[in-house]
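Here are my notes on this entry, as numbered points. Please read them alongside the coordinates.

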Protein chains: 2
Amino acid sequence: MNQSPDARYEELIAKLRARGGRITPQRMAIVRILADAAGHPSAEEIYHQIRMRFPTTSLATVYKVIAALKEMGEVLELGFADGSSRYDGHNPHPHAHLICVRCRKIVDPRVEGLNAVPQDVARAEGYLLVGHRFDIYGVCPECRAAEAQP
Amino acid sequence: MNQSPDARYEELIAKLRARGGRITPQRMAIVRILADAAGHPSAEEIYHQIRMRFPTTSLATVYKVIAALKEMGEVLELGFADGSSRYDGHNPHPHAHLICVRCRKIVDPRVEGLNAVPQDVARAEGYLLVGHRFDIYGVCPECRAAEAQP
DNA sequence: GTGCTTGCAAACAGTTTGCAGATAG
DNA sequence: CTATCTGCAAACTGTTTGCAAGCAC
């Protein structure tokens, strides 16, 4: 999961093809953006980036390609209460996220001693574990500095 | 926070009044439902319960009253990716939730060794902690039994 | 050539808002 | 009496869907 953007790109394209999917220019571009992304882009952000190279690409296509990758378990969707979503194409397994409430930046922090918690809690209550989500909300260093002298 | 439904009801009404709010029959009924609720009702569920007693109450009023209680920090909103929300009128502080992906039931599980994690992670990354959210997804015992013989 | 994919536009759903009339204090 | 609250209906917003045309294989 700590592979290079290029390797991740090739992997996703190969998995799409193995599934019987067709490799269109739009799909290549969307997968490229997901593989290169340092952060957790939204559909709109992917859409705007795509438009630089393929100006006729539609937002609907972005959603459809992401949906296919989600079904394959290769993209993690972080859905928010306002109906918007952000996507992680690098690490599709549940992991903690640190979210700036001011600039909406999302990073993957290192978290200790959490791995067994979901399974332990589920078992204790008689549940079959399916997944989990752990979001920590805060103000990032840049936004703290910006708030200091507004 | 482990008070009786009646005490919680009185507390919420008193706080609404102290804020200069007016205590209408609709507000009394909505606060009653939140204070009595064992689970985490949705706006629709509150709306349906209200209608048994005050059949002219509108969904908009339910949302407006909940919004006022949220602003006062007395109700915790759990917003989901589909745009829907569930509300906890008992414990407005962030805490873990165990959510059945089949029947959507939400319970508050006991979780060990998590208290310091959000603050530790935020500090380690230079963030100012604002809050957090920890959802564990699973299939509840009742739904597991139901799935065994469909 | 076949059938998956694209792009447009309309639909969707829970929530929010504007406003006129009702009402708590 | 007057400012807040209610209820209706319309608006909002990111996402999803239906369908005809396009294109990968």
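**Notes on chain A and DNA strand D**

1. In chain A, 51% of the contacts with a separation of 6 or more join residues 24 or more positions apart. Contact here means heavy atoms within 4.5 Å.

2. This is a predicted model: local features need pLDDT of at least 70, side-chain atom pairs pLDDT 80 or more, while totals for chains, interfaces and linings use all residues. Residues are numbered from 1 along each chain as its sequence is written, chains are lettered from A and ligands numbered from 1 in the order written, and side-chain values use heavy atoms, without hydrogens and water.

3. Chain A has six helices and five strands. Their order along the sequence is α-α-α-α-β-β-β-β-α-β-α. Helices (H or I, at least four residues) and strands (E, at least two) are DSSP runs, numbered from the N terminus.

4. The C-alpha atoms of chain A fill a box of roughly 50 × 45 × 30 Å along the principal axes. Of its 150 residues, 42% are buried, meaning under 20% relative accessible area (1.4 Å probe, protein chains only).

5. Which residues come nearest to DNA strand D? Of the 21 around it, they are A:Tyr63, A:Ser85, B:Arg22, B:Thr24 and B:Lys64. A residue counts as near if one of its heavy atoms lies within 4 Å.

6. A backbone N or O atom of A:Ser85 is 2.7 Å from a phosphate oxygen. For B:Arg22, a side-chain N or O atom lies 2.7 Å from a base nitrogen of DNA strand D.

Terms used. Polar contact = N/O pair within 3.5 Å; in protein donor to acceptor, adjacent residues only side chain to side chain. Buried < 20%, exposed > 50% of the residue type's maximum accessible area, 1.4 Å probe, protein only.
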